[in-house]
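User: Hi! I have a structure here that I would like to walk through with you, one question at a time. Could you help me read it?

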Amino acid sequence: MAKVSLQGVSKFYGKVQAVKKIDLEIIDKEFLVLVGPSGCGKSSSLRMIAGLEEIDEGVIKIGDKEMNNLEPRERNVSMVFQNYALYPHMTVEENLGFSLKIAGLAKTEIEERVHEAAGILDITEFLQRKPSQLSGGQRQRVAMGRAIVRRPDVFLFDEPLSNLDAKLRNQMRTEIKRLHQKVSTTIVYVTHDQVEAMTLADRIVIMKDGIIEQIGTPLDLFERPATKFVATFIGSPSMNMIKASIIKHNDKLSMKTKDGIIVPVPKDKQNSVSEGQKISFGFRAEDIVPLKFGQKPSSAWEMQSSVNLAEPLGTETLIFTNFGEIEIVSRMFTPEQVKSNDVLDFALNLDRTYLFDENSGLAI
Amino acid sequence: MNKKQINNILIWFSAIILIILIMTPGLWVVLTAFRPQVDVMAKPAVWIPRNLNLIQFETMLFGGSEGSMGRSPIPVLSYLRNSLIISFTSTFIAVLVGTIGGYGFARHNFKHKNKYFLLIMLTRTIPGISLSLPIFIIFSKIGLIDTHIGIILVFVALNIPFTIWLTDGFFRQIPRAMSEVAMTDGCTKLQAFWHIELPLSRSGIASAGIFAFLISWNEYALVSNLARSTDSKTLTVGLMDFTAQFTINWPGMCALAVFIIIPALILTFMVQKHLVTGLTFGGVKG
């Protein structure tokens with residue numbers, strides 16, 4: 001059983017606190033992704049679990065055992081690094097078998113386990129090669145093979161795909177997911193790429209400035225972002241976000257933007273905001289659609305705007321247009337030609353409009 | 001002829017001139033070693049050798065006397081022994097300590113790290129010869145004059161800064177993740193160093209080693225002060241045995257010089273591959 005728990009864990013680099021008293025319970029066999037912009041503390045957290053960084057405050061447990069004072073080698077974790085870090089002076093076979101050799105296993109057993117791992121990752125034919133003779137994807141596989149050969153309690157991945165090109169990244173992403181199903185071991189995976197996080201994770205932990213913004217399943221985070229940061233971070237294209245203040249308009253609470261555009265506060269939020277409150281409201285690209293080519297939502301607010309730019313992607317077209325002074329993006333699923341400077345009527349789905357308090361950043 | 005060909009010819013021409021300039025003194029030493037004193041001293045100089053012989057080497061190594069200047073042969077084998085002991089021991093210690101130091105500077109952060117590094121490098125700006133008097137006085141007080149240990153100590157001190165500088169650059173080239181992976185793979189810090197980082201910096205350490213060796217092997221000024229007798233005199237210092245009050249046995253001296261050059265040459269060729277990768281690899285991004 002290898003659940004991992006972080007209790008009030010902090011990390012300082014000099015006077016800078018990179019990780020601020022975070023609490024996190026990772027369930028056995030879970031695929032947990034730590035995601036956030038660079039400098040958010042995700043890698044530091046991972047490295048503390050691995051034992052490569054000292055834990056300055058708090059407790060990290062794997063299973064029920066406290067890890068704080070154990071060396072990396074005593075924790076039974078495997079780590080896959082962004083730059084692979086394969087041992088360049090060893091063949092693939094020696095790379096895979098190195099940890100077993102250090103552990104003092106018999107030659108035959110090492111061979112057996114190396115071949116098993118090589119089989120899982122489909123690298124048997126490269127066993128006699130040196131890392132320098134492998135392509136990026138193959139190296140990545142070897143790095144993963146080296147991790148699984150030890151049968152660790154926990155796999156730690158530190159941005160393992162960021163050195164690969166887009167196509168290979170997609171392919172390897174699928175393989176990592178498949179690998180997780182095959183070996184069914186707890187995985188903690190760090191990335192700055194929200195797509196990787198969404199596609200791989202059982203649960204996502206979003207971090208920013210050393211604290212956890214939200215923990216949840218990918219859909220949780222997408223549908224119910226707890227903060228403005230999570231809302232803009234998850235989803236592609238990023239959620240449109242507009243600053244406004246709450247005013248009374250025709251006896252109803254409404255949101256007034258800097259440019260004087262007035263949008264009614266969604267019905268279910270009428271009681272949650274008060275006049276004068278500074279807020280931001282956000283909506284995803286698919287929740288503001290050109291009326292002519294889309295289905296009008298039941299609770300719609302309409303506006304007219306001209307197209308700045310259109311990006312046809314086949315199944316969908318992204319339309320960049322202005323909301324007052326701010327550029328927003330709309331996603332249209334109808335294969336219609338839209339040109340720059342076309343003037344369109346847009347409908348905003350108020351039921352799927354998110355409100356965030358401007359001071360706290362929390363969802364309303 | 002087009003411009004490119006002319007360019008090529010110019011480059012070759014300058015290269016040849018340069019090589020002649022560099023090689024002539026060395027060649028002259030070698031030539032002199034095989035020629036009789038009469039030819040060496042002849043005026044005008046004899047450029048094309050007339051009769052070459054091995055007499056100087058025979059005299060030097062086996063004490064033969066025919067054709068030599070009749071002086072008693074110098075104890076070249078003792079000198080060789082001293083040179084070997086001093087060079088190898090000092091190189092070994094300097095590389096061992098310097099590599100550990102270089103690793104420390106490359107991998108660990110501590111207060112005033114850059115200042116310490118600068119300080120160590122600054123020691124190399126002091127000309128070695130200016131240290132000879134202080135060293136002589138100190139050594140004479142503690143009885144290290146004319147001993148292997150004394151000279152080894154001096155060479156170790158001379159060579160450590162360079163070794164630190166070179167290996168530091170090398171260890172920096174090795175991604176930190178390499179040893180981190182090794183540590184999660186079950187290694188202790190020392191095992192990670194031994195199995196991963198040390199083999200990967202082999203070229204750098206080999207370069208540092210050959211440099212340290214050559215410096216020790218070829219050093220003359222300092223040792224000539226510290227070595228007084230056959231107990232510790234090295235080959236280079238032994239060169240001076242060929243000078244008498246009024247005469248200098250040039251062929252004999254050159255024969256010994258050739259004898260000194262050969263092991264250094266062999267060693268350099270042996271590690272040449274490492275030397276080249278060493279200097280470029282460590283230097284470019286260091």
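User: Is B:T234 buried or exposed?
Analyst: Keep in mind that this is a predicted model. Around B:T234, 29 other C-beta atoms lie within 10 Å. A residue counts as buried at 20 or more, so B:T234 is buried.

User: Which residues does B:T234 touch, beyond those up to four places away in sequence?
Analyst: B:T234 sits in the loop between α11 (221–226) and α12 (235–238) of chain B. Setting aside residues up to four places away in sequence, its contacts are B:Y79, B:N82, B:S83, B:I86, B:V223 and B:A227.

User: What distance separates the C-alpha atoms of B:T234 and B:N82?
Analyst: B:N82 is one of the residues that B:T234 touches. Along the chain the two are 152 residues apart, yet the separation of their C-alpha atoms is 5.4 Å.

User: Why do the buried residues of α3(B) line one face of the helix?
Analyst: Helix α3 (residues 55–62) of chain B has the buried residues B:I55, B:Q56, B:T59 and B:M60. They line one face because, looking down the axis of α3(B), they fall within an arc of 130°.

User: And which helices do the buried residues of α3(B) pack against?
Analyst: The buried residues in question are B:I55, B:Q56, B:T59 and B:M60. Their packing partners are three helices of chain B: α1 (3–33), α4 (76–107) and α13 (250–270).

User: Which residues is A:V188 in contact with, leaving aside neighbours within four places in sequence?
Analyst: Leaving aside neighbours within four places in sequence, its contacts are A:V4, A:I26, A:L32, A:L34, A:L46, A:I49, A:V154 and A:L156.

User: Which element contributes the largest share of the side of chain B that touches chain A?
Analyst: Between the chains, 15 residues of chain B are in contact with 17 residues of chain A. Two elements give two or more residues to the chain B side, α8 (176–184) and α9 (189–200). That side divides into 9 nonpolar, 4 polar and 2 charged residues. The largest share, 6 residues, comes from α8(B).

User: Now for chain A: how far apart are the centres of domain 1 and domain 2?
Analyst: Chain A is divided into domain 1 (4–233) and domain 2 (240–357). Their contact takes 5 residues from domain 1 and 5 residues from domain 2. Taken over C-alpha atoms, the separation of the two centres is 39 Å.

User: What is the bridge partner of A:K11 in β2(A)?
Analyst: Strand β1 (residues 4–13) of chain A runs antiparallel to β2(A), and 7 bridges join the two. For A:K11, the bridge partner in β2(A) is A:V19.

Notes: Residues are numbered from 1 along each chain as its sequence is written. Chains are lettered from A and ligands numbered from 1 in the order in which they are written. This is a predicted model: local features need pLDDT of at least 70, side-chain atom pairs count only at pLDDT 80 or more; totals for chains, interfaces and linings use all residues. Two strands pair if DSSP finds at least two bridges between them. Helices (H or I, at least four residues) and strands (E, at least two) are DSSP runs, numbered from the N terminus. Two residues are in contact if their C-beta atoms, placed from the backbone, lie within 7 Å. Ala, Val, Leu, Ile, Met, Phe, Trp, Tyr, Cys and Pro count as nonpolar, Asp, Glu, Lys and Arg as charged, and the others, Gly among them, as polar. Domain bounds come from an automatic or database domain assignment. A residue is buried if 20 or more other C-beta atoms lie within 10 Å of its own, exposed if 12 or fewer, and partly exposed in between; C-beta atoms are placed from the backbone. The arc is that of the directions from the helix axis to the C-beta atoms.
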